[in-house]
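Welcome to my notebook. I opened this structure to look things up one at a time, and you are welcome to read along.

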Amino acid sequence: MVWCSACVKNVEGTSDAGRLWCSGCGKVLEDHIFSEEPTFVKNAAGQSQLAGRYVRSRESEISASRERILENAEYELRCMRNALDMGDNEEIIDIAKRFYRIAIERNFTRGRKSEQVQAACLYIACRYVLGAVFLQLCKALRLDEHPIVQKLVDPSWFIHRFTESLPGGRDKGVMQTAHRIITSMKRDWMQTGRKPSGICGAALYISALSHGLKCSKSDIIKIVHVCDATLTKRLVEFENTESGSLTIEEFLLKAKELDEISKQPIMADKMDDTDSSPSEQRILCEHKDSGKPYAHGLCQICYDDFMTISGGLDGGANPPAFQRAEIERLKKTSAELNANDSGIDTIASESLDNSNQLSQFEKENNTKSGSKNKGLLPTEPVSDGAAMENTADDIGTEDCDDESDNFSDIDDLEVDGYLLNEEGQRYKKMIWEEMNREYIEEQAAKEEAAKAAMDINCPEGAKKLAQITEAAVAKRKKERQLARAAEAKNSTPAQTAAEAVHQMLTKKRLSSKINFDVLEDMFETSEGPDVSKKRKIDSHLDNDNKMPHDSEELKYDAYKDDDLGMEQEYGDEEGLEDIGYNNHDYVEEADEYNDRDYDDF
Amino acid sequence: MMETQQPSASEIVPTIQNVISTVNLGCKLDLHQITVQAQNAEYNPKRLHSVIMRTREPKATVLIFASGKMVCTGAKSEAESELAARKCVRTILKMGFDAKFNDFKIQNMVANCDVRFPIRLEGLAYANPQCTSYEPELFPGLRYRMKEPKITLLVFASGKLVITGAKRREDIHKAFEVIYPALGEFKKVCYSSIAS
């Protein structure tokens with residue numbers, strides 16, 4: 001029974017299609033039309049807007065935007081998976097999605113490209129090593145202690161994949177030889193600290209060549225993704241090892257022998273070899289709680305892994321970096337010995353003796369004088385430097401307690417040398433203002449805008465002014481950037497090395513110390529008198545006027561661009577002529593004051 | 001080939017390469033004025049909002065900010081760092097600013113040393129999974145994060161080390177002493193014959 005105001009009594013209502021109407025007079029009493037589709041209404045400004053609000057669904061605690069993000073991520077992951085030809089692997093997507101969700105919750109996606117994070121999640125899901133993003137994500141996902149991350153990459157794992165891409169196709173012999181070469185490299189300490197792809201590339205190259213496959217270095221480079229220099233370096237290093245000088249048959253024989261030996265059980269006295277006392281036989285690897293100490297603080301599993309990945313502690317050659325260091329050390333010691341023997345100048349030899357003694361005994365002295373170590377001498381001391389340092393250090397030690405403004409110890413002469421006199425200050429000011437003109441202009445504009453904004457009289461107008469000036473400044477910046485980019489595009493490639501340098505100098509404006517006048521003259525003389533004349537006459541021609549020329553005139557065209565570029569450069573400096581200095585003097589002054597700083601060090 | 005002797009831990013001492021310190025001058029500074037008045041100062045506001053002042057003796061670089069704070073880098077010892085900072089503060093004082101030398105603090109010290117034997121970084125990585133990060137694909141050195149003292153060491157296969165993150169010299173020595181035996185564990189050994 002519903003009340004009808006027209007009939008002024010309670011009536012039975014008939015409901016039909018969402019409407020309730022009075023059975024007496026037919027007036028519509030209730031009108032509840034529900035629409036399942038989103039409806040639109042016009043808001044106050046006259047624009048259509050979606051009726052209703054977004055409500056958090058009670059089922060999950062994810063907000064609508066987050067759901068959108070996850071859906072988007074899923075889509076992207078699928079695309080990536082398809083691009084990588086992984087087939088219809090739904091599991092991968094699920095795992096990757098879960099990782100991504102955790103990453104979002106830990107705020108990992110902020111400041112990073114979402115594609116990168118998605119790729120990293122997919123990567124982890126596929127159990128492979130990616131890079132820095134992967135590492136950080138592992139940290140964020142608290143995967144630090146997880147076994148996947150811990151396992152170091154063994155170059156041998158890649159051989160299988162890389163051999164397939166070789167021109168000869170998958171060749172078991174090649175794969176095996178490559179494996180053996182890598183094992184040999186490991187034994188010779190070539191692989192510790194190196195990217196596995198470089199090692200792989202070298203092993204593959206050698207193995208392919210020795211099996212008669214025709215593959216060049218560039219083929220390998222394409223497969224393995226290293227650069228030519230790295231590949232060459234690895235090959236040279238391998239050449240220097242013992243195994244490098246064997247023929248392939250000898251090498252394979254030796255490899256077989258070593259295989260046999262490594263299969264023998266590791267003798268118990270390996271543990272006694274280590275210097276550690278019995279109490280130190282702790283287990284340090286990840287299997288702290290579960291395993292038993294086997295060798296070097298590792299459980300057996302980890303130790304075996306370690307041996308396969310690295311090749312063990314004994315070995316043939318030293319790592320190349322260590323070899324280089326050894327050579328340098330030997331050079332130094334032999335140089336010192338020679339210097340000692342010669343004794344041409346007694347003073348010189350004395351100082352050298354001192355330096356020798358110092359370098360040998362400094363270590364002992366330093367360990368003896370524990371807390372007095374404030375003045376450690378450098379490893380390559382020069383006698384003057386050492387003396388100066390000593391005094392400086394003494395002063396330093398005195399001062400350490402006195403933190404107040406007692407600067408009496410500081411050498412006033414030196415400090416006064418740092419300060420400029422009146423004239424110098426004037427010049428420096430001009431130079432600085434000249435170099436930072438753009439910045440000063442921007443600052444002036446900003447200040448004006450700020451002042452105008454603070455003005456109480458017309459707040460709106462002032463705000464507008466501020467906005468306009470800011471926009472103008474930004475626009476000017478952009479215009480300048482675009483002009484520069486356009487210039488870079490339009491300028492033809494230089495014909496000679498001299499022109500290339502010229503172009504670079506004008507473009508990059510590397511230094512204000514370079515006297516462009518002189519540079520111009522330099523190029524003038526090298527190009528010849530005809531070209532220079534042409535340049536002066538035709539300098540007003542614009543850049544687009546490019547008709548097919550012969551080589552000389554082509555040079556001239558390129559020169560035109562440079563010339564115009566140069567004129568721009570001069571434009572800045574010409575402003576100074578008003579002050580009364582010509583270009584040469586100005587540049588010289590700059591050199592005077594700047595060179596002193598930087599050349600004396 | 002002549003081999004260099006392999007000394008024990010007490011003989012090797014890390015050499016300090018760089019000391020970074022900060023000091024507070026306690027007053028606002030006008031960077032324009034400082035640049036104009038000082039010969040050894042450079043100021044490029046588009047790149048960095050601080051004056052870069054270089055001292056000749058001791059050779060160091062000092063960054064001076066408008067707030068009155070100063071950072072001194074490039075010195076080879078704590079005393080040198082303090083001396084360089086003092087020289088700069090004195091220079092600024094002479095320009096007429098009311099500068100003081102407050103809260104001088106060494107923030108970081110970097111040292112390096114050489115243990116003179118090759119090291120199997122993989123072994124170190126296996127044996128110390130919690131404090132070690134070794135990714136040869138990214139960087140050839142192994143990063144060892146020691147918790148006590150709180151120091152980071154970079155260990156390379158050639159046997160060279162870089163020790164950084166220390167605020168005091170003793171920390172560096174202590175860290176080196178702690179890691180030396182761990183390194184020795186994975187030292188390269190030479191067996192004269194392979195065949196049994």
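**Entry 1: salt bridges**

I started in chain B, where the side chains of B:Asp98 and B:Lys100 meet in a salt bridge, 3.6 Å from N to O. I kept in mind that this is a predicted model. I then looked up how open the two partners are: B:Asp98 is exposed, with a relative accessible area of 52%, and B:Lys100 is partly exposed at 24%. A network also turned up in chain A, where salt bridges that share partners join A:Glu74, A:Arg78 and A:Lys97.

I looked at one of its links next. The side chains of A:Arg78 and A:Glu74 form a salt bridge at 2.6 Å, N to O. The two are separated by about one helical turn, because they sit four residues apart in helix H1 (residues 64-83) of chain A. A:Arg78 is partly exposed, with a relative accessible area of 25%.

I found another such pair in helix H14 (residues 320-342) of chain A, where A:Arg329 and A:Glu326 are three residues apart, about one turn of the helix. Their side chains meet in a salt bridge of 3.2 Å, N to O. Are these two buried or exposed? I noted that A:Arg329 is buried, and A:Glu326 is too. A reminder to myself: an α-helix has 3.6 residues a turn, so residues three or four places apart point the same way.

How many salt bridges does the structure hold over all chains? I wrote down 17.

**Entry 2: chain B as a whole**

I read off four helices and 10 strands for chain B. From the N terminus, I traced the order β-α-β-β-β-β-α-β-α-β-β-β-β-α. Of the 196 residues in chain B, 56% are buried.

I also found a patch of positive charge on the surface, where B:Lys105, B:Arg145, B:Lys150 and B:Lys167 gather. I located B:Lys167 in the loop between strand S10 (160-166) and helix H4 (169-185) of chain B. With 39% relative accessibility, B:Lys167 is partly exposed.

- The bond from B:Glu57 to B:Pro58 is cis, with omega near 5°; B:Pro58 is in the loop between strand S3 (50-55) and strand S4 (60-65) of chain B.
- The bond from B:Glu148 to B:Pro149 is also cis, with omega near 0°; I found B:Pro149 in the loop between strand S8 (142-146) and strand S9 (151-155) of chain B.
- A:His225 has a positive phi, near 65°. This residue lies in the loop between helix H9 (217-224) and helix H10 (228-240) of chain A, and it is exposed at 66% relative accessibility.
- B:Arg116 has a positive phi of about 70°. I placed B:Arg116 in the loop between strand S6 (102-114) and helix H3 (121-127) of chain B, where it is partly exposed at 23% relative accessibility.

**Entry 3: back to chain A**

I looked up A:Lys186, in helix H7 (residues 172-187) of chain A. Why does A:Lys186 count as buried? Its relative accessibility is 3%, and buried means under 20%. A:Lys186 and A:Ala317 are 131 residues apart in sequence, yet 9.8 Å apart in space, C-alpha to C-alpha.

Last, I checked helix H18 (residues 422-435) of chain A: its 14 residues reach 20 Å from first C-alpha to last, close to the 20 Å expected. The buried residues of H18(A) include A:Tyr427, A:Ile431 and A:Trp432.

Definitions and conventions. Residues are numbered from 1 along each chain as its sequence is written. Chains are lettered from A and ligands numbered from 1 in the order in which they are written. This is a predicted model: local features need pLDDT of at least 70, side-chain atom pairs count only at pLDDT 80 or more; totals for chains, interfaces and linings use all residues. Side-chain values use heavy atoms; hydrogens and water are left out. Patches are made of residues with over 30% relative accessible area and no salt bridge: like charges are joined within 9 Å, nonpolar side chains (Val, Leu, Ile, Met, Phe, Trp, Tyr) within 5 Å. Accessible areas come from the Shrake-Rupley method with a 1.4 Å probe; for residues, only the protein chains shown count as cover. A salt bridge is a side-chain nitrogen of Lys or Arg within 4 Å of a carboxyl oxygen of Asp or Glu. Lys and Arg count as positive and Asp and Glu as negative; His and the chain ends are not counted. The place of a charge is taken as NZ of Lys, CZ of Arg, CG of Asp or CD of Glu. Buried means under 20% relative accessible area, exposed over 50%, partly exposed in between (1.4 Å probe, protein chains only). The expected span of a helix is 1.5 Å times one less than its number of residues.
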